[in-house]
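Colleague: Please pick one part of this model and go through it closely, with the partners it packs against. I would like the plain account, with the cut-offs for any terms you use.

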Amino acid sequence: MTATAAPTTFPRAWRTARVTPLAELLAPGRIAATAVRLGLQVFLVTCLWRALYAGTHSSAGLVKEQAVSYAVLAALATRIRGLDRGAGRDTVIQHIQYGTIVYWFLRPVPPQRYYLYRALGDQAYGFAWAAVAYALCRLTGVLQAPASAGAGAAFAVSLLLGQIVLYYLTLLIDLLCFWTIQNNSALLILQFAQNLLSGAYAPLWFFPGWFVAMSAVLPFQSTLNVPLSLYIGRIPLSDLPAQLAVQAVWVLLLALLTRLLWRRAAARVVSQGG
Amino acid sequence: MDSVSRFFAAWRVARRIIALTFRARLEYRAEFLMNVGIGIVWQVSIIVFATVLLGRFPGMGGWPSDAVLLIAAMRMLSHGLFVLFFGRVYFLSLFVQEGFVDGFLLRPMPVHRQVQLAYFPTNAIGDLLVGVSMFTGAVWSIDLDWTLPRIGYVIAGLLGGMLMEAAIFTSLSSLHLRFPAAQAWSIWTEELLATFGNYPLKILPGVISGAFTFLLPLAFIAYFPAAVLTGHTSGLGVPAAVAAAAPLIALAAYVGSRYLWKWSLRHYTGVNG
């Protein structure tokens with residue numbers, strides 16, 4: 001009898017990350033539904049913003065093409081985190097309520113790493129959808145090209161940092177349920193706040209000054225508004241270092257906070273009643 | 001026991017269950033408050049979006065701002081009523097996945113009623129707080145002569161909006177009984193209602209406004225009743241009489257959706273097969 005070698009880090013990460021995407025790929029109906037929803041969403045958003053601009057050329061420093069591109073990119077970006085992990089019974093809140101969270105702490109993979117791998121898999125799958133949709137939108141002329149090659153590169157870097165900020169924000173709320181037992185409401189509030197304050201509903205440039213000032217001191221605008229504004233050229237490249245620095249600071253702060261919370265959370269988990 | 005006594009007995013049981021589920025919600029105080037907060041945040045996010053668009057792009061489709069605000073206010077108040085009275089169907093897929101529906105089938109109470117009584121919708125408190133405030137503001141600011149028939153119609157319009165939203169989500173939840181993953185469609189539909197339900201649909205191309213009238217009938221929730229109230233009945237895509245009959249059509253749609261739900265329940269398959 002030969003002992004089976006324990007998988008090394010990479011295969012372990014790969015096997016964990018692909019769980020949700022595999023579940024999706026095994027359900028053609030879900031894939032078709034995702035394609036229909038995404039296609040319709042882009043079409044509707046394009047129609048809405050074109051209609052709004054029918055009587056004006058420019059608003060809040062954005063011309064029609066910029067506003068449409070911003071709105072369509074926002075619709076695609078929200079697709080990146082659109083997977084329903086709850087259906088697979090693998091959200092933190094579900095494990096806490098079922099008592100199965102303890103297994104996360106008994107496995108060879110540390111819970112924080114398992115969480116990271118699952119999130120990476122989910123986001124990579126969502127990103128694949130967004131990338132295909134982006135290519136189609138560019139081909140059909142729905143989306144304009146980045147304002148410049150530099151703006152395109154800045155958008156890519158900023159989007160990556162924005163997704164990391166979003167990952168930590170979601171993790172933060174998930175970690176809170178080690179203390180609150182219930183966090184469904186907090187998660188939903190985060191989702192609404194994220195959509196509103198990041199620019200997913202409408203470009204932040206349209207909002208009043210106080211709203212923009214408030215958004216500036218919160219992490220949400222880093223997730224979407226900054227990369228999208230770089231793409232359409234509403235934030236000039238000269239502002240890039242400052243914007244990236246703000247995003248990096250949020251990443252650092254949230255990483256430190258969540259690291260601390262993981263450690264505290266581990267101390268609260270009990271097995272078989274303690 | 002005659003049917004009237006049975007009806008009142010059923011309501012007494014329902015009232016007791018509602019009181020118990022409300023107390024159960026109070027067990028987690030922070031969660032309770034945050035749940036109220038969800039309703040508020042959700043409605044406020046829609047208000048902010050609507051006012052931003054109204055501020056930046058006035059005169060949507062020839063509608064003055066106060067009339068557009070009436071559409072948004074009616075939709076939000078009817079949404080609050082929907083969440084309070086019918087909102088549980090939105091989460092039916094969770095009940096299916098958790099096996100609750102199997103338990104409901106064994107109890108001596110209609111399954112649909114048990115679904116609606118499964119928990120107290122705390123978020124409806126927040127939804128209604130904002131909805132009532134916004135509706136009061138919209139009615140106050142719009143220059144309309146509030147005669148008795150108009151007051152009657154606005155109430156009918158609000159109830160119709162509630163019933164149409166209930167009809168849409170009851171129909172979608174019929175799918176949940178067979179395919180729990182259909183929850184994604186409900187989420188998406190709610191996003192569509194939030195994005196497109198608050199403005200005159202005539203600003204959109206005909207194919208889209210037609211789809212939002214005949215395919216996903218969100219025009220009947222607030223757009224048509226507000227158009228009738230404010231006299232903006234041209235370019236609706238349907239005759240004015242049809243727009244005026246929106247509350248009745250909503251009632252018919254809800255009754256239809258309940259028949260669909262009943263039929264789907266007969267074909268229900270639990271997650272364990």
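**A close look at one helix**

Modeller: In chain B, 80% of the contacts with a separation of 6 or more are between residues 24 or more positions apart; a contact here means C-beta atoms, placed from the backbone, within 7 Å. The model is predicted, so local features need pLDDT of at least 70 and side-chain atom pairs count only at pLDDT 80 or more, while totals for chains, interfaces and linings use all residues. Residues are numbered from 1 along each chain as its sequence is written, chains are lettered from A and ligands numbered from 1 in the order in which they are written.

Some setting comes before the detail. Chain B has 13 helices and 0 strands (DSSP runs, helices being H or I of at least four residues and strands E of at least two, numbered from the N terminus). From the N terminus on, every element in its order is therefore an α. The C-alpha trace of chain B spans about 55 × 40 × 40 Å along its principal axes. Chain A has 13 helices and 2 strands, and its own C-alpha trace spans about 70 × 40 × 30 Å along the principal axes. For chain A, residues 24 or more positions apart account for 78% of the contacts with a separation of 6 or more.

Now the interface. Here 28 residues of chain A are in contact with 25 residues of chain B. On the chain A side, α3 (28-52) and α9 (184-198) each supply at least two residues. That side of chain A consists of 19 nonpolar, 6 polar and 3 charged residues (nonpolar: Ala, Val, Leu, Ile, Met, Phe, Trp, Tyr, Cys and Pro; charged: Asp, Glu, Lys and Arg; polar: the others, Gly among them).

Another partner is in chain B itself: helix α7, residues 123-141. The axes of α2(B) and α7(B) come within 5 Å and cross at roughly 35 degrees. On α2(B) the residues involved are N35(B), V36(B), G37(B), I38(B), G39(B), I40(B), W42(B), Q43(B), V44(B) and I47(B). Facing them on α7(B) are N123(B), A124(B), I125(B), G126(B), D127(B), L129(B), V130(B), G131(B) and M134(B). This contact is made up of 11 nonpolar, 7 polar and 1 charged residues.

Conventions. Contact = placed C-beta atoms within 7 Å. Axes fitted to C-alpha atoms, helices over the stretch in contact; angles between N-to-C directions.
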